Structure formats: structure tokens, C-alpha cells
Amino acid sequence: MLPFFGRTSILWAMFSSSAFWVIGVAHVLGIAGAAMLGQRSIRRGLAVGALAPAVAALWAIGRLLQDDAANDPIVSELTWVSGLDLSLRFQLDALATMMTVLVSGIGAMVFVYAIGYFGPKAKGGGRFSASLLAFSTSMLGLVWADSVWTLFIFWELTSVTSFLLVGHKNTDGAVLAAARRALMITGGGGLALLAGLLVLARESGTTVLSDLGPVAGTPAVWAAVLILLGAATKSAQLPFHVWLPGAMAAPTPVSAYLHSATMVKAGVLLVAVVGSSFADVTTWKALGMAFGTASMIWGAVGALRHRDAKLILAWGTISQLGLLITLLSIGTGKAIFAGISLLFAHALFKAALFLVVGEIDIRTGTREIDELHGLARSMPITFGVAVLAGLSMAGVPPLLGFTAKEAAIEAVLGTSGWERWPALIGVIGGAVLTVAYTLRFLLTVFGSTPAPHADLRDDDAPAVADTRVAPRRLAMTVPAVILSGLGLLGYIFIGAVNSIVGPAATELNEKSSVYELIAWPGIKLAFVISMLVVASGAVLGVLASRHTQAAPQPLGADGADRFLDGTLRMARHITYRVQHGSLPVYVATMGATAALAASPFLFALEADHLVLWDTPIQAVLALGVIGAAIMGAFVNSRLGAALTLGAVGLGVSGLFVVHGAPDLVLTQLLVETIVVVGFVVGLGHLGQRFPRSSNIWRNVRLGVAALGGIAVMAALAAASANPSGQPPIADVTEAAVEIGGGNNVVNVVLTDVRGLDTLGEVVVLATVALGILALANARVSGPSDTSGGSAESNGVASDPKGVTT
Amino acid sequence: MSVALLLAIGGLTSVGLYLITARSLSRIILGFSLLGHAAVLGLLTAGGPPGPAPIANQLDGAASANPVPQALALTAIVISFGLTLFLLALARRQQLLSGEDLVEDDLEDRRIRDEEPEAETDQGADAHGTSAEDDDRFAYDLEDADVATGTEAAS
């Protein structure tokens with residue numbers, strides 16, 4: 001069939017083994033290319049952006065055709081820190097291959113669609129194309145990830161890139177608020193996910209996702225709750241769904257791609273991938289089903305309430321994701337198979353429906369169903385696409401959605417135990433409502449029935465005229481036709497779909513291998529239920545399309561915003577308290593903290609190794625040093641302070657003599673002399689007295705100072721009480737003479753052993769000298785006359801404004 | 001370990017800490033120097049008891065003082081010397097600019113502190129912008145310059 005890609009083709013084998021990285025690099029290069037080319041013209045940026053996903057999708061399809069996906073998963077690992085299990089690990093198995101087809105295939109089509117969606121003169125093309133491809137890349141990384149670290153990194157990357165895409169229109173405050181809400185909710189869920197993955201990895205003893213074993217006990221419950229929180233935020237499950245309708249502020253290609261087909265599936269995928277580890281954890285199943293069934297019903301109700309076509313689809317997505325989460329957290333072979341099939345079908349029909357809404361939006365200028373009339377006549381191709389995709393969503397034969405929904409009902413009927421009834425009510429109730437909102441969507445958008453409140457409108461025409469429609473854009477039509485057509489083709493060639501979803505489901509649960517999608521099941525219980533669902537949903541849908549209600553309030557979204565604003569306000573309050581701008585207070589705070597951190601040393605003190613002094617002269621010198629230092633602190637003139645500094649330096653030199661360190665003595669004396677001279681030359685002529693500080697602050701400083709001194713003494717005494725061994729003084733001395741060839745051991749250490757350090761020291765001194773030179777020569781533009789016209793103020797006082805004129 | 005040395009180290013640390021929390025830059029420099037002394041003495045003390053100088057041909061087999069901390073301490077002395085001199089130059093510069101050598105509160109931080117936390121919810125960017133202009137006279141200068149050149153070019 002495909003000689004070029006034949007099973008024995010060497011070319012294919014070569015490509016396949018390295019394709020993993022080739023595709024990754026192609027995506028990264030594509031991001032750069034799209035950013036640069038899109039700057040000039042958005043069409044070029046999008047066209048370049050489409051290349052990498054197209055290649056990835058074709059490659060994944062090739063692997064599926066070769067059966068490589070299931071038989072020969074590609075594993076690739078890039079170890080960062082091996083001891084910590086930190087690595088980027090990817091595995092391309094059957095499930096990941098199927099997801100690659102969806103992510104990259106729909107991605108490529110969305111790029112093409114966006115060419116039509118944005119006019120040729122749209123601004124921000126580089127940013128948009130690059131962000132969209134960056135998202136596509138992150139999503140690929142997410143579906144390929146095979147270690148908890150990799151999964152988390154790409155999970156967060158999809159949140160961030162999604163934020164950039166939702167907030168594409170970055171001049172609109174409402175859009176930015178929606179983008180922020182989406183980022184905060186999914187990002188917060190990401191943190192829960194990280195915690196959950198860490199617990200799971202520890203309990204299960206591996207960070208490799210495909211090696212995760214079953215877990216049990218209290219930690220497993222924690223892990224289950226945390227991971228489900230992550231999944232529920234990402235997949236917009238009740239009550240975290242509030243970000244998804246807001247995210248419809250994004251350009252429609254983004255909504256079609258991120259908020260229906262791919263990113264929101266990340267949570268579903270996560271539940272599928274780690275679900276087998278939680279097979280014995282009841283909390284996992286119960287919480288997952290609670291999220292799922294609640295979202296299924298509430299999302300469908302939301303879709304029936306809203307009057308913006310795009311919002312109807314968004315709420316429908318919440319409902320469908322709920323169904324997927326329910327099926328996958330039930331976790332039986334049948335349910336996993338149904339879940340994966342539905343995931344596949346949903347990606348196709350929901351992306352197509354979003355593309356339809358985007359096209360309607362562009363060609364009519366509105367998405368409000370009240371303002372859209374008779375589009376079936378004026379946009380026949382779009383109508384056809386919408387009917388195909390919509391009926392697939394409603395689960396009507398002969399479309400892929402029908403067989404997938406059939407499998408779902410079969411799976412729920414096949415459950416036993418407590419989960420049977422909640423799942424049945426949720427799935428069947430959700431399905432009825434799905435049929436209803438689908439029909440309402442199709443009738444109100446495309447039908448020519450006069451708006452029910454026509455008499456309230458200004459123009460007195462009894463039957464509302466069809467909405468005016470702009471000409472068709474080919475780039476928008478083709479991807480929608482392909483995606484919806486695949487729903488029909490998938491039903492006709494059901495075997496091909498089975499060979500894609502079957503291995504993927506088997507990857508998750510071995511028992512899934514016995515199931516397959518059936519085009520025509522015959523009159524069985526599931527089929528009867530399915531037909532009843534369609535019939536009752538249709539009645540409900542027709543009723544709902546006639547009934548008008550005011551646009552509903554965005555329940556919960558304002559609450560989420562209030563929470564975020566409150567958090568920001570709290571952060572500002574804390575900053576306001578902590579970041580006051582006073583350097584002395586910062587230093588005192590740090591000093592006190594460090595001193596208190598040293599308090600454990602107080603408990604490790606031992607008195608028996610302490611002597612009062614090594615020689616009496618040491619005690620005299622020590623007292624002198626302390627006395628001079630204290631004098632320096634309280635003397636009131638700068639000159640006096642400089643002199644006490646010199647005295648302290650001399651005393652310390654004396655202590656060096658006692659300790660047997662002649663090199664230190666020499667250096668210290670030299671250094672001290674220069675510092676005192678520098679002090680006098682640099683600041684001595686200030687001559688004024690030090691400013692006085694308030695008494696309270698003075699006492700605080702004294703307290704911090706006392707704490708610091710005690711802490712250092714305690715630390716030193718405690719450390720010397722527990723030496724880790726005797727210093728090898730004799731060895732060092734011998735080595736200095738024999739290897740270093742010098743008798744002064746300290747000098748040998750400095751030049752031979754740590755020569756590079758000494759070189760660095762020289763560099764530091766040279767840099768300091770340069771800095772001082774620059775500071776001294778810099779021109780002064782401030783109130784230079786207050787310096788008393790001393791010789792140092794050689795800089796010419798110049799007005800910066802004088803330069804500009 | 002010698003209590004006298006310990007006290008000297010503790011005393012130097014205390015006074016040093018007291019001085020670096022002062023407002024005057026010259027006192028801060030003084031405090032830095034004292035802390036440097038304390039650190040060097042601490043290094044030496046941690047290395048073991050005193051002894052004869054580590055000069056191999058004058059030891060006659062006796063154990064010397066530990067040479068390794070001495071080598072480390074030498075580096076410490078030199079680096080703290082460089083730091084002190086650089087700080088002195090900075091203090092001198094500050095004094096030339098403002099006539100004093102005081103450490104002012106950070107302007108950015110003070111702006112955050114002075115902002116009314118309640119007022120800034122939605123109009124955050126606006127409040128930020130105006131206060132920046134109020135505080136930063138330099139920004140005005142730049143704007144004026146731009147305007148000036150603009151009119152010149154126009155005329």
C-alpha cells in the first residue's frame with residue numbers, strides 16, 4: 001500500500017528511530033520560524049507553524065499503519081541527574097501515538113484554519129503563531145511523557161502557553177481577566193498534581209509512569225485526591241470549570257484546539273494513565289465519578305442556558321469531559337475502551353463544531369443565537385459540517401459518536417456495585433441533555449424559525465430576515481469539512497478506528513483488548529436506551545430552542561476573580577509590611593534570623609575543652625580589641641572612628657602573632673594602614689558628627705548585636721568541641737617542602753595549592769581599584785557645593801538639561 | 001579553645017552587627033571591617049590551637065600552628081580589604097552627591113510602602129504609573145527632552 005513506508009523500508013526504520021528527536025527539534029525551530037515570519041505577515045507565520053505538526057501527525061499515522069505503535073514503543077530518555085531520578089523520559093506507545101495523531105493532526109488543521117480566520121493584515125501574527133506552535137509542542141511533550149517530572153513540566157507548559165493564547169487580545173481587560181483566571185486555576189491544579197505525583201512516585205517506588213504499580217493505604221488516598229484535583233482543574237470539572245467559558249475570549253482557532261480537542265483532554269489522559277495504580281483505591285473512583293457526573297449534568301444544563309454559540313459548545317465540552325472522566329475513573333476494561341473511543345470521537349466532532357462557530361462569527365459578525373437566522377440556506381457547507389459533527393456529538397448513527405456513545409452505555413450497564421446507578425443516571429441523563437443542546441444549537445443557529453421575541457424587536461418585520469453572510473474563506477472551510485467528514489468515515493471504516501483506539505485502550509487496561517466498536521449493534525438494551533435518549537433529547541431540544549431566557553450570569557467566575565483579587569491584595573499587604581525599604585532594618589532582620597538559627601549550638605556546648613587563654617598576653621590583646629571596637633562604635637567623630645579601627649587592626653595583628661601566623665600579621669598591618677588612610681582621606685573631611693538614631697531602634701540594634709555575638713561564640717565553641725579529626729599539619733608541612741619546594745607552608749599553599757584562587761583574588765583587587773577610579777573620576781551633578789569645595793570635587797557640576805539643549 | 005579569643009570574636013561580631021545596622025555609611029564600613037576581623041579570627045580559631053609559625057626549616061620537628069586556615073584567612077583579609085576600600089569610595093561618592101553619607105530608604109520599596117493597598121485593585125497600573133512619575137523626576141526630564149526635540153524637528 002505504501003511502498004515508501006514499507007515494513008522493510010530502511011528509510012522508514014532510520015527515520016523512525018530518530019524521528020522522536022527530529023520532530024522535537026522541528027517543533028522548536030518551527031516556533032522560532034513562526035515568530036520571525038509571522039511578524040511580517042500572520043499567514044506566513046501560520047503556514048510555517050503548520051509544518052511541524054503536519055509532519056508529526058503523518059509520522060504518527062505511519063506508525064499506526066505499520067502497527068509499530070503497539071508492538072514497538074519508542075522510549076527515549078535524557079538523564080539530567082541520575083541519582084535523583086531526574087530525567088526527561090518519553091515513550092511513544094499506542095496511546096501516545098493516538099494522541100499524537102489528534103494533537104498534531106488537529107493542530108495542523110487549526111493552523112490552516114487560522115489563516116482564514118485572521119485577515120491578512122491581523123496584528124501580532126508572530127506572537128500568535130509562535131504561541132500556538134509552542135502550545136502544540138508542549139502538548140506533544142505531555143502526551144509523550146513517561147516520567148512524573150516530564151509530565152509535570154509539560155503540563156505546566158501547556159497552562160502557560162494557553163495563558164498566552166487566551167490573552168492574545170492583550171488590550172482588552174476582560175480578556176486578560178479570563179486568561180488570568182484560566183492560568184491561576186489550571187496552574188494551582190498543577191501544584192496539586194505535582195504533590196500527588198510525588199506521593200504516587202514514592203509509594204510506587206518509581207518515577208516512570210509506565211512502571212507505576214498499584215498503591216494502597218492512606219498515602220494512596222492523598223495521592224488520588226491530589227491528582228484528581230489536578231485533572232479536574234485542567235479538564236474544567238465542576239467546580240473548577242469556571243475558567244473554561246471565560247477562556248472562550250480566545251480566538252476561535254485557539255478554542256477549537258486547546259479548549260475542546262487537546263489541552264482539556266490532558267486531565268482525562270492523566271486519569272487514564274495513572275488510573276490503573278488506583279484500581280484498589282475507592283476514593284479515586286468515587287471522587288472521579290463525582291467530578292465527572294456532576295460536570296456532565298451541570299455542563300449540559302449550562303449549554304442549554306447560554307445564548308452565545310461558542311459558550312454553548314464550551315459548556316458542552318465541560319459535560320463531555322465529565323463523561324470521559326467518569327468512564328476512565330470507573331476503570332474497567334470496557335469503560336477504559338469506551339472512554340478512549342469517546343475521547344477520539346469527541347476530539348474530531350468538537351473541534352469541527354468550534355471551527356463552524358468561528359466561521360459563523362467571522363462571516364456574520366455575531367455568535368448570539370438570537371441574531372443568527374437561516375444560515376442553513378446561506379452557509380450550506382458549514383451547515384453540513386455542523387450537522388455531521390453535531391449528530392456525532394448527539395450520538396446518532398451513522399457517525400462515529402454513535403458507536404462511541406453506544407460503547408459508553410454498554411460500559412456503564414456492565415458495571416456492578418455502588419457505582420452502577422450514579423454512573424447510569426449521570427451518563428444517560430447527560431446524554432439526553434447532550435442531544436437536547438445539540439439540537440437547540442443546530443435549530444437556533446441554522447434554522448429560519450423567527451426569533452421567539454420577534455415582536456419586541458425594532459424592525460417590524462414579522463419573520464426575521466436571514467442573517468447577512470460574508471463570502472466563504474476556503475482555509476476555514478476545508479479543515480472543518482475534513483474533521484466532520486472523519487466522523488462519518490470513521491463509522492464506515494470502523495475497523496480502522498478500532499485498530500487505533502483498541503491498542504491505546506489495551507495499553508491502559510489489558511482487559512480492553514477484547515472490546516471493539518460495532519457499527520450496527522442490533523436491537524440490544526444499550527441500543528434501545530440510546531434511541532430513547534435521542535428521542536427524548538430531541539423533544540427537549542426542540543422545546544429549548546423555542547424557549548427564550550435571559551443570558552445567564554457567569555456563576556462562579558466572579559467568585560474565582562474575587563478570590564484571586566483577594567490573594568493579590570494580601571500579597572500587597574505583606575509586601576507593604578515586609579518590603580519597607582530601610583536597609584538597616586533589613587540587615588537587622590537578617591542578622592537576628594541568622595543568630596536565632598544558630599541557637600541549636602547552645603545545646604552542644606561543652607566546657608572541658610575550653611581554657612581561659614593560651615597565653616596571658618592573648619587575654620590582654622583580646623580585651624584591647626574589644627575595648628577599641630566598642631569605643632569605635634560610640635565615638636562620635638569620623639576621625640576618631642578611623643583611629644579606633646586602626647587600633648582594632650593592631651590588636652588583631654597581635655592576636656595573629658600569638659597564634660603563630662606571621663604572614664597574617666604582615667598582611668594585616670599593611671591592609672590596616674591603607675584602610676585607615678583611606679578612611680581619613682575619603683571621609684575624614686566630613687568632620688561632622690554621626691546622626692543620632694531613636695532610642696527604640698538603638699535598643700533593637702543592641703539586642704541584635706548581642707544575639708549575633710552570642711551565636712557566633714556558641715557556634716565556634718560547639719564546633720571545636722566535636723572535631724571531625726586531627727588536622728594533618730605534619731603531612732602538609734612535609735608536602736610543602738618536598739612537592740612545593742618552599743619552607744613557608746602558608747605561602748606554598750597560596751601559590752601552589754590554590755594558585756587559581758590567588759589569581760582570582762588579584763582580579764578582585766584590580767576590579768576594586770578600577771571601580772574606585774571610576775567612582776572618583778565620575779562627574780558630580782548633585783549639590784556639590786556642600787562638600788566644602790574640597791580638592792576631591794574635581795568633577796565639573798553639570799546640569800543634565802544643559803547637555804540636551 | 002581559648003575563651004579570650006572567643007570573647008574577642010564575639011565582641012567584634014556584636015559591635016560589627018551594631019554598626020552595620022546604622023544609617024551612616026561610614027559606620028557601616030566600620031562595622032564591615034570589624035566583622036571581617038571576627039571572621040578571620042574565627043577561621044584561625046577553628047583551625048586548632050596556637051603554635052610555632054609554620055615555617056618548615058625553623059620547626060625542628062615540633063608541631064606548628066595549622067597552616068591551612070592561615071592561607072584561607074589571608075585571602076579573607078585581602079578580599080575584605082578590597083570590599084572596605086570600595087565601600088569607602090561609594091561613601092565618598094554618596095557624600096559628594098548628597099552632602100551626607102547616609103543610606104537612604106530604597107525609593108522603589110518606599111513607593112510600594114506608601115501606596116494605598118486598598119485603592120489598587122483594577123486601576124493598579126494607573127496608580128503605579130502616576131506615582132512613578134511623581135517620584136522619578138528624571139522621568140520628567142526625559143519626557144521634556146523628547147518633547148523639546150520633537151518640536152525642534154517639527155519647526
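## Chain B

Of the contacts in chain B between residues at least 6 apart in sequence, 49% join residues at least 24 apart. The model is a predicted one. Chain B holds six helices and zero strands, and its elements follow the order α-α-α-α-α-α from the N terminus on. Chain B has 155 residues, of which 45% are buried.

## The contact between chains A and B

Across the interface, 103 residues of chain A are in contact with 91 residues of chain B. On the side of chain A, helix H27 (residues 695–721) supplies the largest share, 14 residues. The chain A side divides by class into 62 nonpolar, 30 polar and 11 charged residues.

## Nonpolar cores

The largest nonpolar core comprises 203 residues, and Ile227(A), Ala352(A) and Ala408(A) have the most contacts inside it. The element of chain A that gives the most to this core is helix H14 (residues 333–364), with 20 residues.

Another core, of 79 residues, lies apart from the largest one, and its members include Val648(A), Met713(A), Leu716(A) and Ala65(B). In soluble globular proteins, nonpolar side chains tend to be buried together.

## Packing of helices H11 and H13 in chain A

Helix H11 (residues 265–275) of chain A packs against helix H13 (residues 309–330) of chain A at an angle of about 0°, and their axes are 9 Å apart. H11(A) is therefore roughly parallel to H13(A), given that angles under 35 degrees count as roughly parallel.

From H11(A), the residues Val268(A), Val271(A), Ala272(A) and Gly275(A) take part; they meet Leu321(A), Leu324(A), Ile325(A), Leu328(A) and Ser329(A) in H13(A). The contact of H11(A) with H13(A) contains seven nonpolar, two polar and no charged residues.

## A strand hairpin in chain A

Strand E1 (residues 74–81) of chain A and strand E2 (residues 86–92) of chain A run antiparallel and are joined by seven bridges. Within this pair, Leu78(A) stands opposite Leu88(A) in E2(A). The two strands, E1(A) and E2(A), form a hairpin with four residues between them. In the turn, Asp85(A) has a positive phi of about 65°.

In a regular strand the side chains alternate between the two faces of the sheet.

## Backbone features in the loops of chain A

The loop between helix H8 (218–234) and helix H9 (243–246) of chain A contains Pro239(A). The peptide bond from Leu238(A) to Pro239(A) is cis, with omega near 0°. Ala236(A) is found in the loop between H8 and H9 of chain A as well. The phi of Ala236(A) is near 55°, which is a positive value in a residue other than glycine. Ala236(A) counts as buried because 28 other C-beta atoms lie within 10 Å, and the cut-off for a buried residue is 20 or more.

A further cis peptide bond runs from Pro397(A) to Pro398(A), with omega near 5°. Pro398(A) lies in the loop between helix H16 (380–394) and helix H17 (400–413) of chain A.

Definitions and conventions
Residues numbered from 1 in each chain as written. Chains lettered and ligands numbered in written order. Predicted model: local features only at pLDDT ≥ 70, side-chain atom pairs only at ≥ 80, totals over all residues. Contact = placed C-beta atoms within 7 Å. Nonpolar A, V, L, I, M, F, W, Y, C, P; charged D, E, K, R; others polar. Pairing = 2+ DSSP bridges. Axes fitted to C-alpha atoms, helices over the stretch in contact; angles between N-to-C directions. Parallel < 35°, antiparallel > 145°, perpendicular 65-115°, else oblique. Core = buried A, V, L, I, M, F, W, Y, C linked by C-beta atoms within 7 Å. Buried ≥ 20, exposed ≤ 12 C-beta atoms within 10 Å, placed from the backbone.
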